[in-house]
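Please look over the sequence and the model shown here. The paragraphs after them walk through one chain, step by step.

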Amino acid sequence: MNLRNSQVFFLTTLRILIGWHFLYEGIVKIMNPGWSSLGYLLDSKGLFANFFISLTYNSTILQTIDFINIWGLTLIGLGLILGAFTRFSTLCGILLLSLYYLSHPASPSLEYMLPQEGSYLIVNKTLIEIFSLLVLFVFPTGKIVGLDRLISKLK
Amino acid sequence: MISRRDLIKSLATIPVLGAFAYGVFKTRRVVQNKQYILLNELNLDSAIPELYSDANKDQKIRIGLLGYGIRGRQLMRAAGFAHPLWIDEHINAARENPRDTRYQDFLDQEDLNIEITGICDIFDVHATEAMEAAANESKSGSAVKQDNFPKRYKTYIELIQAPDIDAVIIATPDHWHAPMAIEAAKHGKHVYCEKPMTWTVEKTYELRKVVKENNIVFQLGHQGRQTESYIKAKEAIKKGVLGKINLVEVCTNRNDPNGAWVYPIHEKASPETIDWKQFIGQAPYHEFSLERFFRWRCWWDYSTGLTGDLLTHEYDAINQIMGIGIPESVVASGGIYFYKDGRTVPDVQNTIMEFPDQDLTLLYSASLSSNRNRGKVIMGHDGNMELGQQLVIYADSASTRFKEYIENGVIDPNNPIYSYFPGQKHFDAITSPTEKYFAGRGLLYSYRDGKRVDTTHLHIREWIQSIRLNKQPSCDIDQGFEEAISAHMATKALREGKRVYWDYAKEQIVS
C-alpha cells in the first residue's frame, strides 16, 4: 500500500495516541494492586449484561479477567506505540474495546454507576476508538514507522 | 539489508515511551506524595477483619428455635436451614434472573456444624414449616423427602428443659425476649436473642444477673457487629481522625407497609391454629386479634416501637464504634402521622441522647413513610464520617489538625480523605471519582475475607464459636444491657413526654 507522507504521519500519530490511551489504562491498573474489574462487570447493562455479570460469580474467572485486562491493555498500548506486531495489537485492541462496548452499550435509557459524561446515543468514545483501530487495521503503519519494519527486514 | 533509514523509521516512536514514562512518573509522584502524607497522618492500617477461629468446630451444637416468624426464618437460613419451598423458589428465581444469587449464596454459606433439635412456635403452620426447614440439612427442594424432623414443643419452657438442647435462638415478639432468655439462662442454655433485649426495665437487670450467674454464652441479635465498615470506623475514630466528636446523627427511613410492620396475615391463622393465651404472656389481656398477632410491632402491648425495633440497631452501631454506653439523659417525641391504622406506636420519632461526660449528643430521627436516605453521620471538629456498608471520611474545611494540609492542597475538604469498601484489598487515601460514586450509591454485598457473606450468618457463627470456646461474643450481655437501658429511656421519654436521666451510681432510670 502506498501512502502519502502526510497520510503516514497522521495514521501513525493516531496509532500512538490510541496506544498511549491503552498503555496508561494498563499501567494505572498495575500500579493499583487493589484494582479489580468486579465493579465494572457488575455494572453491565444491555443485551449481554447477564453474561458479563455471571463472570463475577467465579473468583478464578474474575482473576483471569483482571489479568487479561491489566496486561492486555499494557501490551496493546506498547504494541501500538512502538509499532510492534501492530496488526495483532490492533486486533486485540478491537476485541477488548468491543467487550467493553457490549457490556456497557451507550444509550440514554441505560444508567451506569460509573460516571459518564452525559449520555450517548449508540455512538460513544469506545465505539469511535474501535472504529479508529479498524481504520488502523486496514491502513497498517507498523511496517512503515515502527518496530515491525525492523522485524520484517530481519526475517 | 537494514539501512540507516530503516533503523530510524523503526525506532522513531520509542521517544514517545520516554515521554509517557516521564508523565506517569510525575503525576504518580504527586499522588503518591499526597497518599504518603495522608497515610502517615491518618495512621490507619489496611488490615481486614478476619473470620473468627475454627477451633473445636467438630463439636456439634444442638439448637432449639423459639419463634419461626419473619425473623426466625432469616435466622434459620443464616444458620444453614432453609425451608424446601424457599429452596424451590430461589432455584427458580436464579434460573429466571442470573443476577439473583441468593440460592448460590445460601449453598456457599459455611456449615456451622449445628443441629436444630427442637422448635416452638405457637402458630401451627409456622411450627410445621420450622420443622421442615430444620430437617432440611441437605439444603434440598421439596422434591426430596425429608425425615429426621425435630421435636415440636408446645411451650418454650418444655423446649428449654429438653436435655438434647444446648442453646436457643429467640425470635419472638419483643415482650417474650427476656422471659425466654431468663428461663434459658437458668437452665444453663446459651442464648442468641433478637433485639431489643428486653421489653421492660426490670427484666433487663434480671436477665443480666442470670446470664452472669449461670455463665452462659449470650449474643444479642445486632448483626451490624459483623459489618466490616463499622470495624474500620472504630479504628479510624480510635486514632482520632475525626478530632473531637460532638454530634452523631443516625436515622431510620422506610416507606412501605412491610417496613411499617403491616405484615401479611396468614390465611390459615385462627383461634384454633394459634395459642393466643401463650402469645399474650405478660402483656395486657386483649381478645383474639389476627392483626395483633401478625403485626404486633404496631402495639406497645407487645412491642417497643421504633425505639426497640430500629433505634437499637443504630444505637448499637454507634456503641460498637465509639463505646458511648448509656446516655446521661434522653428526650424524645413523635407521633402517628401516616399509618393511622389503629396502632399505638409512633411512625415518626426523634430522640436525643446526651452524653455530657463525652461532650456528645446522639440524635436519632426516624420516619416510616419516607425513603430519604440520611445515613449515619459522625461529626467531629477535624472531620466527619458517613457510614453504611461503606465508610467515607471527609476532612472538615475548618479543621485545626488538617489546616496545613488543606492550605497546601494535600487535602481537599470536598473529596474523601479516606474510604473503605467491603471486599477492597487495600484502602485508599485518595479516592477517585469512580469510587466516590460507588460510595454514594452503596455497595451490593457484604464481604469477609474477600467472600460475599450475610452479616446475620457471621453473627450466629460468632455465637456458636463462642459457645465452643467458652467466651463471650461481641454483642454480649453488657452491651445488651446498655442497648436495653438506652432504649427504655427513649421509650419512657417518648411516652411520658419528659426528659429522663440515668443514675450511673444506682443504675436506675429517673425522671
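This is a predicted model: local features need pLDDT of at least 70, side-chain atom pairs count only at pLDDT 80 or more; totals for chains, interfaces and linings use all residues.

Residues are numbered from 1 along each chain as its sequence is written, chains are lettered from A and ligands numbered from 1 in the order in which they are written, and side-chain values use heavy atoms, with hydrogens and water left out.

Start with chain B as a whole. Its C-alpha atoms fill a box of roughly 100 × 60 × 45 Å along the principal axes. Chain B has 17 helices and 18 strands. Both are DSSP runs numbered from the N terminus: helices are H or I with at least four residues, strands are E with at least two. Of the 511 residues in chain B, 53% are buried. Buried means under 20% relative accessible area, exposed means over 50%, and partly exposed lies in between (1.4 Å probe, protein chains only).

Next come the domains. Chain B splits into domain 1 (61-224) and domain 2 (226-271 + 302-510). These bounds come from an automatic or database domain assignment. The contact takes 48 residues from domain 1 of chain B and 50 residues from domain 2 of chain B. Contact here means heavy atoms within 4.5 Å. The C-alpha centres of the two domains of chain B are 25 Å apart.

How much area is buried between domain 1 of chain B and domain 2 of chain B? The value is about 4200 Å², and carbon and sulfur atoms give 60% of that. Buried area is the accessible area (1.4 Å probe) that two parts lose on being put together, summed over both. Q219(B), H222(B) and Q223(B) supply 15% of the area that domain 1 of chain B buries against domain 2 of chain B, more than any other three residues.

A salt bridge puts a side-chain nitrogen of Lys or Arg within 4 Å of a carboxyl oxygen of Asp or Glu. D309(B) and K195(B) form a salt bridge at 2.6 Å, N to O. On the domain 1 side that touches domain 2 of chain B, α9(B) gives the most, with 7 residues.

Other salt bridges join separate stretches of sequence. D166(B) pairs with R62(B) at 2.8 Å between the closest N and O atoms. D166(B) sits in the loop between α7 (156-161) and β4 of chain B and R62(B) in strand β1 of chain B, so the pair ties together parts 104 residues apart in sequence. E314(B) pairs with K376(B), the closest N and O atoms being 2.9 Å apart. E314(B) is in helix α13 (residues 305-322) of chain B and K376(B) in strand β11 (residues 376-380) of chain B, 62 residues apart. E314(B) is buried at 12% relative accessibility, and K376(B) is buried at 10%.

Finish at helix α16 (residues 455-469) of chain B. Of its 15 residues, 14 are buried. At the start of α16(B), a side-chain oxygen of D454(B) comes within 3.2 Å of the backbone nitrogen of T456(B). After α16(B) comes N470(B), with a positive phi near 50°.

Technical notes. A polar contact is a pair of N or O atoms within 3.5 Å; within protein, one must be able to donate a hydrogen and the other to accept it, and residues adjacent in sequence count only if both atoms are side-chain atoms.
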